[in-house]
Structure formats: structure tokens, C-alpha cells
Amino acid sequence: MTAVQNVSFGQHYTVRLPAPDDFAFWRERARQLVRCDVPPDRVSWVEPGGTGDLFAQEAPAGGDKRLPLPDESAPHPRASKRFLTVAANAALHSDPQRFALLYRTLWRLQSSPKLMEDGADLDVRRIEELAKEVRRDSHKMHAFVRFREVEDAQGSEHFVAWFEPDHHIVRANAGFFMRRFANMNWSILTPCGCIHWDGETMRESGPAKRSDAPQGDPVEDLWKSYYASIFNPARLKVGAMLSEMPKKYWKNMPEAELIPDLIAGAQAREANMVDAGALEFEDKPETLDAIGTAIERCRKCPIGELENRAVMGEGPRRAPLMIVGEQPGDQEDQGGRPFIGPAGQLLDEYLERTGIDRSETYVTNAVKHFKYVQRGKRRIHQSPGAKEIDTCRWWLEAERDIVKPRVILALGASAARSLIGKTVSISKVRGEPIALEGGAELWVTAHPSYLLRLDGDARDKQAAMFAADLAAVRERLEEMEDVS
Ligand code: URA
């Protein structure tokens, strides 16, 4: 840790945040405290209205005269991009412990720079959970704010909406509404502060009550055109839409009459968008880290809306062999790594027996989120649909562009589809390489979880074929090495 002269032993500090969503303020003070080597258990983070530590040195909101100052030579703290992205969202959560959690994690990152990749770490998991809940709240705000028209004191039209967020997301989403309704005068009233736009400037004011907002029907035409313009077919999630906005309420919503047509046209529009490369993430990320960050936010299909995390592929950036599975299972979702559950253990066993070193192989999945249905406490695996596989293919291709494997081994039909673009029968395509665009060679075999479901002779037979497929891949890699 850093060399610091001015932190007395055992000193506690309280940092008072000027606003509950002031991530920039937290970030500055956190950097200062890390540079001064102040461990997490000696800092209290207090948001407006919260109580501090009676015996602490106080840093008044907006001023930090009593916080220690770092030595000029003290190194600047390191924080991965991934941490900063997730932390900026998590900081907007209503959990009073969030700033302490973020500081503890920033502190730990100094000695474990890869901490954010440890999906089993409780702090990392909690930050990701907070960030996810905040994203969901923002999504609700975008989807459910309803403007009503009123006349202001000058007799001009003004649009007012009431919204009750669960987290401190209002200011962070002001830009979204400003861009959507740039030419209107509008106000969004909430119990934790309001935002107002007059076509030129954004203004904030204190909390409002529901009774401050006009009642009555939302402005139909305005709302319909807004809804049609924000409707992104690539994000069409009928399941999520039905659970958040049950059909029985549609009749009260002016935009509802558009929904059947929009859904009907969605597939065609999505295909056009994919062709035009205009899906939500316009530019393919150029590093594996960037893909890892982006897939966490991906909602191109409904699987990302479930209570799960995105599981990124892992392995060397220039691995000669890429192994592609179907999707993370329950254990992969919890651990944040591909193929670590029962199917992964079986795969590891066969790889080892065949002489393929997993640590030199890039292992990933066709679909990056775990698809399941909840039965009591259990999450039961559901195979991804063709459309979900095809949508997620965008990410697999981004991984392929970077890793540039010479050989790809697809485990099972979903993986094969994500590479060939159509459904094939494993028994017909196994044992022979398929040339892929871009130069890689594709080999297809069964998924190890298929072997786990069999027993007796059937299992022995499939296991022998699986071992033979892996051996063929190893030989092929050796041949390629010999000629290069
Ligand atoms: N099955 C898969 O296809 N992938 C995993 O990561 C785990 C199980």
C-alpha cells in the first residue's frame, strides 16, 4: 500500500455525500482515501439524511478539509474499467451500504486487480446485483413515464408526469428524456426530486407529492409517437413486457393499440437491423474485456432479463482452439465462468485424457446468459431458442474476431447452430471438419451434458464417440502446428 505520513493510527473518517447519486464525489474522495492508505473499516460514507460516525473526523459535504491528504509520491489507485462501469450504476442504488461496499472493493482491487472477474466473490456479486436493479429501475422509468398536458402560468403547453423510482435514478436519466422530448416543456415529478426541461435548460427541484401531478388521461398522440419511436424490435421481450405491463392494463395505455402490429413487424425489422449492423451495441467491442462488460448489459433477447449474470468466455486471447458450449448452467451463472459445473467437469476429464490443455483453449458459449424456469428454489435449465442463439451469435463472432482460433469445437446442436447459422444433426456432421468463413475449421460433437443423461451401453457408445471426436481435433491441431 501507499506511503502516507498524515494518517494517524486508528483514525476514523466520515465522508458526507452532497447528494445520494453523486458518484463523481464518491470517486474523488475514495481515490484520495485509498492514496492515503485508509482502510475501509475506518471510513463511513453518509448520504444526505443519514447518520455518521460520532467519533469520526468529518468531511463536510462538498468540502474535505479534514480528510487526510496523500503524499505526492503516493501512487494513484487502480480500478478496472469494468469496476467503474458497474460501480457508477451501483452507486445509484438505495442500499445505504453501497458506498462502503464500493470503497471496500476499490481498496481490494489495489492488491487483487482481477477481483472483478471473480464471480464467486460476495462483494463483486453484490455490486453487480445493485447495478442490475438500478438498470431495471431506469428501464421502468423509460417505459412507464406518462405525460399529461397542463397549461403553465404563461398559457403555454407543459407536459407533466409522475414517477416513483426505487433508486436514485432520476438525475441520471434526465438526458434520456431530454433527447426524446427535446422540443417540449416537460417536468417529471418524483418523491425524491423533480426534473424540468424548457427546451433549452434542465432544472431540478425538490421532492414532489403525487397530488402535485395532474391526473387524467395521458397525452395519447404524443405517447403513441414516443412509444413507436423507442420501440426497438431487437429488444422486444414479450415475456418481460407481459410481466411488467400485464395485458389487462394495456387497455388503459394509449400506446397499447400499437403493440400487436409492432410485435408482428418486429422480426422483419430486427433482421434488417442485424443486417445493417444497427443492433443496440453498434460497434463490436475490440477486446475480450470490453465484450465481457458489454454482454452484462445485453438485453437483445429476453434471457438477459432473468435473474442471472452474463458469463464471458475464458482462455488465452490467441488460443488455437475455441470450444463453444450451449449456455452457462446454474453453477456457471453463480461462479461467473463457463463449464465449471457437472458438464464442465466431464469435459475437463475428456480434455485431459485426450491431451488437450484447457488452459491453452478458449472456452465459451453460444448464449451468454443462463436460461431457466424457476421451480420453487430450483432453477431448471431451458434450452435457448433458435432466435436467441442467432441473436447472441453477434457476441460469439466478436470473440472469434479477437481470438482467431484455427479450430473450433462445437459441443451440441445449439453451439453448432451459432457457428453455422442453421440447425444440423450432430450425427450427420460429426467427425469431419467444416470450413467456416474467416478460415477457421469447425468440428462438431455432442454436448457433455448429453453423456451425463445417458447410462449403460448408450453412454459407453456416446462416450467413445465423444473421445474420438476430441482426439480428431487434437490431431488436427498438431497437424496444423507441424505445417506452420
Ligand atoms: N453447459 C454449457 O453449454 N456451457 C457451460 O458453460 C456449462 C454447461
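This is a predicted model: local features need pLDDT of at least 70, side-chain atom pairs count only at pLDDT 80 or more; totals for chains, interfaces and linings use all residues.
Just after helix H13, lysine 404 takes a positive phi of about 50°. Helices here are DSSP runs of type H or I with at least four residues, strands are DSSP runs of type E with at least two, and both are numbered from the N terminus. Residues are numbered from 1 along each chain as its sequence is written, and side-chain values use heavy atoms, with hydrogens and water left out.

Let me stay with lysine 404. Most residues other than glycine have a negative phi. Lysine 404 has a positive value, near 50°, and is not glycine. Its place is the loop between H13 and strand E13 (407-411). Is lysine 404 buried or exposed? With 52% relative accessibility, lysine 404 counts as exposed. The terms are as follows: buried means under 20% relative accessible area, exposed means over 50%, and partly exposed lies in between, with a 1.4 Å probe and protein chains only.

Phenylalanine 339 also has a positive phi, near 50°, in a residue other than glycine. This residue sits in the loop between helix H11 (330-335) and helix H12 (342-354). Phenylalanine 339, however, is buried, at a relative accessible area of 4%.

I turn next to H13 itself. Helix H13 covers residues 386-403, which is 18 residues. From its first C-alpha to its last, H13 reaches 25 Å, close to the 26 Å expected at 1.5 Å a residue; the expected span is 1.5 Å times one less than the number of residues. Where does H13 bend? The bend is at arginine 393 and amounts to about 35°, taken as the angle between axes fitted to the seven residues ending there and the seven starting there. Among the buried residues of H13 are Trp394, Trp395, Glu388, Glu399 and Arg400.

The second topic is a pair of helices. Two packed helices are described by the angle between their axes and the distance between the axes. Helix H2 (residues 81-90) and helix H3 (residues 98-111) pack at about 170°, with axes 10 Å apart. The axes are lines fitted to C-alpha atoms over the stretch in contact, and angles run from 0 to 180 degrees between N-to-C directions. H2 and H3 are therefore roughly antiparallel to each other, a term for angles over 145 degrees.

Which residues of H2 and H3 meet? Phe83, Ala87 and Ala90 in H2 are in contact with Arg98, Leu102, Thr105, Leu106 and Leu109 in H3, where contact means heavy atoms within 4.5 Å. Six of the residues in this contact are nonpolar, one is polar and one is charged. Ala, Val, Leu, Ile, Met, Phe, Trp, Tyr, Cys and Pro count as nonpolar, Asp, Glu, Lys and Arg as charged, and the others, Gly among them, as polar.

Arginine 78 lies in the loop between strand E3 (57-59) and H2. At 48% relative accessibility, arginine 78 is partly exposed. Leaving aside residues up to four places away in sequence, arginine 78 touches Leu106, Leu109, Gln110 and Pro113. Arginine 78 and leucine 106 are 28 residues apart in sequence and 8.0 Å apart in space, C-alpha to C-alpha.

Finally, the whole chain. The protein chain has 17 helices and 15 strands. Of its 484 residues, 49% count as buried.

How values were computed:
Angles under 35 degrees count as roughly parallel, over 145 as roughly antiparallel, 65 to 115 as roughly perpendicular and the rest as oblique.
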